[in-house]
Amino acid sequence: MEYVDGLGRVVRSALSACWDVRFEECRPSRSFPAYRGQKNFTGWWWTATTGTDVGYESWLERSVLIGLDFDPAVVGISSQPFWLHWHDGRRLRRHPPDYFVRRADGSAVVVDVRADERIREKDAEAFAATAEACGRVGWDFARIGCPAAVREANLRWLAGYRHPRCMRPEIAARLREVFAVPGPLRAGAEAVGPPLAVLPVLFHLLWRQQLAVDVDAALLGSETVVGPAAGDIR
């Protein structure tokens, strides 16, 4: 394996010696260039999970990253965490997975992002080699394709309110009281105060999953049912 640690040092080591490296704190193992005529879209996503910028190399990677940022079980994320080197029996190969994810229980999952229809033979081989390597050190591996359109749209909307600046404790407390009994989004917000002031706080609570909404059923709207978070049923 080859990676760049938190101090910017390039480290090469055997896989067996890297199982306890905190890759979620490492720097990207390669850059995210942008140039005229580029076919993919690169950028940086500020994650509410870590309070840091995490890189992406396509809109699909960004969508997956938003989903990881929304997941309450995720506590750490890094992009392009390392290069995995191996020999396939014919030649030397290398592959940089897209994300390293640390879960709250201390476990880890290495993520590659690729739409089903864009997986070529060499990609499948790289994913298989990565999965095998992860298994040897106790990490999970996931290859994630295109997210469901409704969920993607809803998370992209809520992500616009992920920053702590959207939080107003006094409004949040009232919203929790109103939605202790599930009810329509817009009516509940208006019961608390002017929508212009209340809705950003409501969307922030939904992003943080301190209030509950089904992000998979339909696009969020005025009649979307909002309720208490799981474990907060009164």
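Colleague: Let's start with Cys146: is Cys146 buried or exposed?
Modeller: Keep in mind that this is a predicted model, where local features need pLDDT of at least 70, side-chain atom pairs count only at pLDDT 80 or more, and totals for chains, interfaces and linings use all residues. Residues are numbered from 1 along each chain as its sequence is written, and side-chain values use heavy atoms, with hydrogens and water left out. Buried means under 20% relative accessible area, exposed means over 50%, and partly exposed is in between (1.4 Å probe, protein chains only). Cys146 has a relative accessible area of 54%, so the label is exposed.

Colleague: And what is the relative accessible area of Cys18?
Modeller: Cys18 falls in the buried class. Its relative accessible area is 1%.

Colleague: How far from Cys18 is the nearest cysteine sulfur?
Modeller: A disulfide is a pair of cysteine sulfur atoms within 2.5 Å, and by that rule the count comes to zero disulfides. Cys18 is in no disulfide, and the nearest cysteine sulfur belongs to Cys26, at a distance of 9.1 Å.

Colleague: OK, rings next. What kind of aromatic pair do Phe32 and Trp44 form?
Modeller: Rings of Phe, Tyr and Trp (its six-membered ring) pair if their centres lie within 6.5 Å; planes under 30 degrees apart are stacked, over 60 edge-to-face, and the rest tilted. The structure has 13 aromatic pairs. For Phe32 and Trp44, the centres are 5.0 Å apart and the planes are at 75°, so by the cut-offs the pair is edge-to-face.

Colleague: Where does Trp44 sit?
Modeller: Strands (E, at least two residues) are DSSP runs, numbered from the N terminus. The pair links distant parts of the chain, twelve residues apart: Phe32 is in the loop between strand 2 (10-12) and strand 3 (43-46), while Trp44 is in strand 3.

Colleague: Which ring has the charged end of Arg162 over it?
Modeller: A charge sits over a ring if NZ of Lys or CZ of Arg is within 6 Å of the ring centre and within 35 degrees of the ring normal. Arg94 lies over the face of Trp83, at 3.7 Å from the ring centre. For Arg162, the charged end is 3.7 Å from the centre of the ring of Trp45.

Colleague: Last one: in strand 13, what is the bridge partner of Pro184?
Modeller: Two strands pair if DSSP finds at least two bridges between them. Strand 11 and strand 13 (residues 225-228) run antiparallel and are joined by two bridges. In strand 13, the partner of Pro184 is Val225.

How values were computed
Helix = DSSP H or I, 4+ residues; strand = E, 2+ residues; numbered from the N terminus.
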